[in-house]
Amino acid sequence: MTLFTGAALASGADQHPRDDASMLLYDHPLSSYSQKVKIALREKGLPFESVLPEDFGTAQRGTAFTASNPRGEVPVLLVDRQTPIFDSTVILE
Ligand SMILES: N[C@@H](CCC(=O)N[C@@H](CS)C(=O)NCC(=O)O)C(=O)O
């Protein structure tokens, strides 16, 4: 079992980029909502690319990230890299 410390999470050590994956996950390494989605995807063996949106936490709008979730929150799962599902509970469904 691998444990991740806060420092490791902050450094992005918990991210496993898979640029061949059909699913893209907008997330933040310190987001517990993102963490539970990543745990579920890994448990199911579903490959995904993890991306920290550059505009996360800013007031910027009109970007790919905010277009995927008008709330500007992570996580957002882009199925086939285009169809957004946001809210961790909905993603887990
Ligand atoms: N109900 C949402 C909550 C997501 C959420 O609050 N995410 C936080 C990070 S842990 C966030 O994106 N905050 C940025 C903001 O509120 O602007 C879910 O379960 O996905």
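Where is the place of Pro 75? Pro 75 sits in the loop between helix H3 (64-68) and S3, and one of the legends below returns to this residue. Residues are numbered from 1 along each chain as its sequence is written.

**View 1. The protein chain and its confidence.** The protein chain has four helices and four strands; helices (H or I, at least four residues) and strands (E, at least two) are DSSP runs, numbered from the N terminus. Starting at the N terminus, the order of elements is α-β-α-β-α-β-β-α. Of the 93 residues in the protein chain, 20% are buried. Here a residue is buried if 20 or more other C-beta atoms lie within 10 Å of its own, exposed if 12 or fewer, and partly exposed in between, with C-beta atoms placed from the backbone. The average pLDDT of the protein chain is 85, and 80% of the residues score at least 70; pLDDT is the predictor's confidence in each residue, from 0 to 100. Residues 1-15 have a pLDDT below 50, and beyond near neighbours in sequence this stretch has 14 contacts in the model. Two residues are in contact if their C-beta atoms, placed from the backbone, lie within 7 Å. Where pLDDT is low, the predicted coordinates should not be read in detail.

View 2. Helix H2 covers residues 32-43, and at 1.5 Å a residue its twelve residues should span 16 Å, which agrees with the 16 Å between its end C-alpha atoms. The expected span of a helix is 1.5 Å times one less than its number of residues. Ser 34, Val 37 and Leu 41 are the buried residues of H2. Seen down the axis of H2, these buried residues fall within an arc of 65°, so they line one face of the helix; the arc is that of the directions from the helix axis to the C-beta atoms. Strand S1 (23-26), strand S2 (48-51), strand S3 (76-79) and helix H4 (88-92) are among what covers them. On the face turned away from the buried side you will find the exposed residues Ser 32, Ile 39, Arg 42 and Glu 43. Ser 32 has 9 other C-beta atoms within 10 Å and so is exposed. After H2 comes Gly 45, with a positive phi near 70°.

**View 3. Around the ligand.** The ligand is surrounded by His 28, Ser 31, Tyr 33, Gly 72, Glu 73, Val 74, Pro 75, Asp 87, Ser 88 and Thr 89; a residue is near a molecule or strand if its C-beta atom, placed from the backbone, lies within 6 Å of it. This shell divides into three nonpolar, five polar and two charged residues. For that count, Ala, Val, Leu, Ile, Met, Phe, Trp, Tyr, Cys and Pro are nonpolar, Asp, Glu, Lys and Arg are charged, and the others, Gly among them, are polar.

**View 4. Pro 75 and Tyr 26.** The peptide bond from Val 74 to Pro 75 is cis, with omega near 5°. Tyr 26 lies in strand S1 and counts as buried because it has 24 C-beta neighbours inside 10 Å. Leaving out residues up to four places away in sequence, Tyr 26 touches Val 51, Pro 53, Phe 65, Ser 68, Val 74, Pro 75 and Val 76. Tyr 26 and Val 51 are 25 residues apart in sequence, yet their C-alpha atoms are 4.9 Å apart.

View 5. Phi is positive in both: near 55° for Asp 80 and near 60° for Arg 81. Most residues other than glycine have a negative phi, and most peptide bonds are trans. Asp 80 is exposed, with 8 other C-beta atoms within 10 Å, and Arg 81 is exposed with 11. Ser 22, in the loop between helix H1 (6-11) and S1, touches Asp 80 and Arg 81, not counting residues up to four places away in sequence. Ser 22 is partly exposed, with 14 other C-beta atoms within 10 Å.

Definitions and conventions
This is a predicted model: local features need pLDDT of at least 70, side-chain atom pairs count only at pLDDT 80 or more; totals for chains, interfaces and linings use all residues.
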